[in-house]
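Hi there,

Here is the structure I promised to pass on to you. Please open it and keep it beside you while you read the rest of this email.

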Amino acid sequence: MELIQRPRRLRGSETLRKMVRETRMDKASLIYPLFVKEGTGIEEEIPSMEGQYRYSVDRLPYELERLAKAGVSSVMLFGIPDHKDEVGSGAYAQDGIVQQALREARKQFPDMYYITDVCMCEYTSHGHCGVLCGHDVDNDATLDLLAKTALSHVEAGADMVAPSDMMDGRVRAIRECLDIHGHKNTPIMSYAVKYASAFYGPFRDAAGSAPSFGDRKSYQMDFHNRREGMKEALTDIEEGADIIMVKPAMSYLDIISEVTKATNVPVAAYSVSGEYAMVKAAAKMGWIDEDRIICEMAVGTYRAGAQIYITYFAKELARFMDEGRIG
């Protein structure tokens, strides 16, 4: 039998395989999440996320230096305040922990790109992502506080804001607030398609943001739903979102693909704490090849359509790109 089509012809060498590679990655597309807490001299490992740390503002520059040396130029900041209250006032305080971190980081590493998570859950005494009315989160009363938080971040030095609260109308509220105050060119990365996921467990440990009662299913999305994700993405684009995020990544590659096809803006995917923790735990037991798993997860996310990858493995992926193992 004489074969005409032989797909294996293009797999014959490493050079050829790289030449015809369909999915390509770049360090510039990586974003590294960072947890900043109040205090001094703090660099404490997060128990459920081996290799990830909470930093005080004075220790943050050491990690930024490590990232810069690795070639990772973008970070997303999450704040861990000492004080919490019913309305999450630390989120929008001028001397809030994220605001302090931005000023110090901008001073020492002005060329890094700073994105901030905009939400209330780390700052409220009840752990929910907005103002309460009884045991329900009051959507509309929360919007002004989210807008104030975003504005305070930008005024402190943020290059981009990323609302993660899942309140209806928050992108419009933030966009209008930023525009009125002269920040028309500050982009918004919306956590538009954020599912109520069990993969967030270690993050809540890291940020101390677990709700004190109930859950977040009344505002985060039901993971059974696909079309609802498209609705959320398109709504946020109409309200002024410049980048749409899908969260989590690994179990939602179909959603990433759908959102990429349905929209005309860049799509980001957040490889969340639970994904990271599972890899680290399985690797520690010797059950998987950690480096290969990290690469395969990342490529799968890009292959699905993501252009931006938010990951706790950013430094490792940057190294793998340098080594030619991925990219």
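Below is what turned up in it, one topic at a time.

Please keep in mind that this is a predicted model.

Let's begin with the inside. The largest nonpolar core has 108 residues, and the members that touch the most others are Leu-64, Met-76, Met-189, Val-193 and Leu-317. Helix α4, which covers residues 139-156, gives the most to this core, with eight residues.

Next, the cysteines. How many disulfides does a search of the whole structure find? It finds zero. For Cys-129, the nearest cysteine sulfur belongs to Cys-119 and is 3.6 Å away; a disulfide needs the two sulfur atoms within 2.5 Å, so Cys-129 is in none. Cys-177 is in no disulfide either, with the sulfur of Cys-119 again the nearest, at 17 Å. Cys-129 is buried, at 1% relative accessibility, and Cys-177 is buried as well, at 14%.

Now look at Ser-218, in the loop between α6 (201-207) and α7 (227-239). Ser-218 has a relative accessible area of 68%, so it counts as exposed.

Finally, the largest pocket has a volume of about 250 Å³. Its lining is made up of three nonpolar, two polar and four charged residues, and includes Arg-21, Glu-296 and Gly-327.

Enjoy exploring!

Best wishes

Definitions and conventions:
Residues are numbered from 1 along each chain as its sequence is written. This is a predicted model: local features need pLDDT of at least 70, side-chain atom pairs count only at pLDDT 80 or more; totals for chains, interfaces and linings use all residues. Side-chain values use heavy atoms; hydrogens and water are left out. A nonpolar core is a set of buried Ala, Val, Leu, Ile, Met, Phe, Trp, Tyr and Cys residues joined through side-chain atoms within 4.5 Å. Buried means under 20% relative accessible area, exposed over 50%, partly exposed in between (1.4 Å probe, protein chains only). Helices (H or I, at least four residues) and strands (E, at least two) are DSSP runs, numbered from the N terminus. On a 1 Å grid over the protein atoms alone, a cavity is a set of points where a 1.4 Å probe fits but cannot get out, and a pocket is an open set with protein on both sides within 12 Å along at least five of seven lines; lining residues have an atom within 4 Å of a point. Grid points are joined across faces, edges and corners, and a volume is the space filled by probe spheres set on the points. Ala, Val, Leu, Ile, Met, Phe, Trp, Tyr, Cys and Pro count as nonpolar, Asp, Glu, Lys and Arg as charged, and the others, Gly among them, as polar.
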